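Let's take a walk through a protein together, one stop at a time.

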Amino acid sequence: MAEIDLAALEINLKQVQSQIGSAKILAVVKANAYGHGGATVARFLESRGVAFFGVAHFEEAILLREAGVRLPILVLTGIRPDQVAEAVRFNLTPVLFNRELLQALRQYTERSQTMVSVHLKIDTGMGRLGVSPKEALSWIQEVASCPGIRVEGILSHFSDADLQDLSFAQSQIAGMASLWRSLKHSGVHIDYCHLANSAATIQLPLAHFNLVRPGLMLYGYSPLSEGPTVPLRPVMRWRTRVISIKRVPSQTPISYGRTFVTQRESLIATLSIGYADGYPRALSNRGVVLASGRRVPVVGRVCMDMTMVDLTEVPTLSVGDWVTLMGSEGTAAVWADELARLTGTIPYEILCRISDRVPRVYLNETAPPTLKDPSE
Ligand SMILES: *Cc1c(COP(=O)(O)O)cnc(C)c1O
């Protein structure tokens, strides 16, 4: 069970707001809001004053619309030409970076006498989507001159705004700033210029322009391994139940491959969690879970639906009790950043791989503006 605390989400949103002055917020809710539940998270944020949502795919945007989300939704990886009519019908805002989609948007808006808003992607150094800064001005002017297309924004994306050495990130900002100035001089009016992910929201104020695009920090984690810290609160706690406890003798092999063999008489608990739930198999013989406020080790391989832990030090636990896979109990804690370190990945991947099989339970869905002590 994943408990999603919307009061924590609100605290993190306030942290973003406190960093960005008068800039607006595009809340990134792709990948099911990093595993937190796209529709519920978006509807909550919609009531708390964000200006836009960002998703990766067209289908994600449709799910949000079907859930009643009304704010503009930017489709960050663009849409296909055959999705244009539906995108207009659902009032989606595609990111535009190629001629194929431009052509389709042109044809569609001319034929149907409609308007569509787009944001144009500039590649200032990520090497992924977008036109080069050299071609950007003429490309933007060309798109802006199409009668049915409104260029509402320009955007770019950082490759390493999370580092301590920010020289490359600064060159990316300079590229955008110079383009933004040229647009002003050439008399093309565009509402938004945006570039800042969470890392840049935290440590690169010059990247804020008039819109920021935080994802991870909304969910309570900083992408920075060093440097400034912001008081964020993890939004998700992840727990599961003990389904079996056995006392086994020394030399008992545990789980597939017998990669763990008890070295003493042990109390082994089987948990109802596995890699099909998104609990990384890479935590085999490495993971830590919290049981009665104590850190206990994962023993043997993580299976598809079950995982074993050594409860020898915590004999008070019973079948049916909860253990914490991600969260805190008393002074002990294990959060997504630790699970990420243990498995050689980043907290993003830990969060967004928590699968649909894990029920999401929402706390504080109608949280009043005054909140619980953030230090607890
Ligand atoms: C995912 C994403 C973000 C959010 O990044 P975080 O590091 O989670 O803040 C911002 N912009 C784009 C284009 C993205 O794909």
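Our first stop is the ligand, which sits in the largest pocket. Here a pocket is found on a 1 Å grid over the protein atoms alone, as an open set of points with protein on both sides within 12 Å along at least five of seven lines. A molecule sits in a pocket if more than half of its atoms lie within 2 Å of the pocket's grid points.

Before going further, please keep in mind that this is a predicted model, in which local features need pLDDT of at least 70 and side-chain atom pairs count only at pLDDT 80 or more, while totals for chains, interfaces and linings use all residues. Residues are numbered from 1 along each chain as its sequence is written, and side-chain values use heavy atoms, with hydrogens and water left out.

Who surrounds the ligand? Among the residues around the ligand are Val 28, Tyr 34, His 157, Pro 214 and Tyr 348; to be listed, a residue needs a heavy atom within 4 Å of the molecule. In Lys 30, a side-chain N or O atom is 2.6 Å from an oxygen atom of the ligand. For Ser 198, the distance from a side-chain N or O atom to a ligand oxygen is 2.5 Å. Arg 213 has a side-chain N or O atom 2.8 Å from a nitrogen atom of the ligand. Taken alone, the ligand exposes 390 Å², and the protein buries 92% of that (areas come from the Shrake-Rupley method with a 1.4 Å probe).

Now step back to see the whole chain. It has 11 helices and 19 strands, which are DSSP runs numbered from the N terminus (helices are H or I with at least four residues, strands are E with at least two). The C-alpha atoms fill a box of roughly 80 × 45 × 40 Å, taken along the principal axes. Of the 376 residues, 54% are buried. Buried means under 20% relative accessible area, exposed means over 50%, and partly exposed lies in between, using a 1.4 Å probe and protein chains only.

Next come the charged pairs. Side chains of opposite charge can pair when their charged atoms come close. A salt bridge is a side-chain nitrogen of Lys or Arg within 4 Å of a carboxyl oxygen of Asp or Glu, and by this rule the count comes to 17.

One of them joins Glu 10 and Arg 48, whose closest N and O atoms are 3.0 Å apart. Glu 10 lies in helix α1 and Arg 48 in the loop between α3 and β3, so the pair ties together parts that are 38 residues apart in sequence. Glu 10 is buried at 6% relative accessibility, whereas Arg 48 is partly exposed at 22%.

Another salt bridge links Asp 310 with Arg 264, with closest N and O atoms 3.0 Å apart. Because Asp 310 is in strand β16 and Arg 264 in the loop between β12 and β13, this pair ties together parts 46 residues apart in sequence. Asp 310 is buried at 8%, while Arg 264 is partly exposed at 35%. Salt bridges that share partners also join Glu 10, Lys 14 and Arg 48 into one network.

Our last stop is Gly 330, in the loop between β17 and β18. Is Gly 330 buried or exposed? At 76% relative accessibility, Gly 330 counts as exposed.

Note on methods:
A polar contact is a pair of N or O atoms within 3.5 Å; within protein, one must be able to donate a hydrogen and the other to accept it, and residues adjacent in sequence count only if both atoms are side-chain atoms. On a 1 Å grid over the protein atoms alone, a cavity is a set of points where a 1.4 Å probe fits but cannot get out, and a pocket is an open set with protein on both sides within 12 Å along at least five of seven lines; lining residues have an atom within 4 Å of a point.
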